[in-house]
Amino acid sequence: MSDAQSSGNPSPINRDFLFALLSQAAPSGCERRAADVWKKEAATFARVSEDHYGNVYAELGPQDGPVIALMGHLDEIGLIVSHIDDKGHLSVLGVGGWDPQVLVGQRIRLLAPGGDLLGVVGKKAIHVMEAEERTKASKLEDLWIDVGLEADEVKALVPVGTYGVIEQGPIMVGNKVVSRALDNRIGAFIVLEALRALGNTDLKHRVVAVGTSQEEIGVFGAQTSAYRLDPVAGIAVDVTHETGQPGVSEKKYGVAPFGSGANLAVGPMSNPVLLRQLTEAAARENIPYTLSASGRYTGTDADALTLVRSGVPTGVVSIPNRYMHSPSEMIDERDARACIDIIVAWIRGLEATPDFVRTAPHSV
């Protein structure tokens, strides 16, 4: 029995596809492996394409119709080799935002030109630390990667610029999915599954799911793909902080525990008309959702999408996630299902020429 099948209950989502995506190493700027899995799956039911920047596209509906863009980023945080010392120890920089504490003792997969290598993150053992060192937080510059080879071999196999990710594949823990890269492979999964669910719909729009690149270093793939598509509206799918875990403020992040469904962002970057349409779609179909306020930018692909060309009316649909940017992020499949369903219900209810002009603030 595979890890993807180890839970006792049937999965409400396509777990095999999700686990295949999560199993790939795809840090920002090096999304190829995850993109290939996503694109292969998409080709079974949609028209597919890609661009030079690492974005992959799947679409349904009339090819000359107005575009609705659904974005979820494929990249994950990673590491990049910056130096090899005379003993073969690798220094690294972060690709995206790391808490260095979660790296200590982890195994790392290095995407070396001649083939992947495994290494471990090294740090002085507590036994050889001075007393004052034991109370200090680890800094990335004080850690290194050890691949267990002689220095000459390391320098020949691992050039500066080699990417790496934590070697931590997907598993089921209880009834939750646990893996690195759920931020945001789960979003890329959701937009493609939403597109799949629209396969039997008489679509009025050209609906394009995009597995975007380089979100973790600046939402750059969303910007380039949105410029290419010139959509009339779009949704960015990402993760948000699950608020049932200790220490996460509901006053700051809203109430979004596991099982609460899709989380919708409310704020200046979210188009209020589109947001109202999402909540109305959820009410029609009895889809669970929560709201979270965002006073400025959203920290998702929406921040780029909404500003492309003359501006794209944009919504943000998020899935609650525990332990973000760690080797063991955790999500509830029921919330992923709700995110898929709310997007599908919204698109099915869209008019052929929807009007997203902002009006006075109103309740959603």
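In the predicted model, Lys-39 and Glu-50 are joined through their side chains by a salt bridge (a side-chain nitrogen of Lys or Arg within 4 Å of a carboxyl oxygen of Asp or Glu), with an N to O distance of 2.4 Å. This pair links distant parts of the chain, 11 residues apart: Lys-39 belongs to helix α2 (residues 32-42) and Glu-50 to strand β1 (residues 47-50). Helices (H or I, at least four residues) and strands (E, at least two) are DSSP runs, numbered from the N terminus. Lys-39 counts as partly exposed because its relative accessibility is 23%; buried means under 20% relative accessible area, exposed over 50%, and partly exposed in between (1.4 Å probe, protein chains only). Glu-50, at 31%, is also partly exposed. Residues are numbered from 1 along each chain as its sequence is written, and side-chain values use heavy atoms, leaving out hydrogens and water. As the model is predicted, local features need pLDDT of at least 70 and side-chain atom pairs count only at pLDDT 80 or more, whereas totals for chains, interfaces and linings use all residues.

The structure holds 19 salt bridges. In one of them, the closest N and O atoms of Glu-333 and Arg-15 are 2.7 Å apart. Glu-333 lies in helix α9 and Arg-15 in helix α1 (residues 15-22), 318 residues apart. Both Glu-333 and Arg-15 are buried.

A further salt bridge joins the side chains of Asp-230 and Arg-309, at 3.8 Å from N to O. Asp-230 lies in the loop between α5 (220-229) and β13 (233-241) and Arg-309 in the loop between α8 (302-305) and β16 (314-321), so the pair ties together parts 79 residues apart in sequence.
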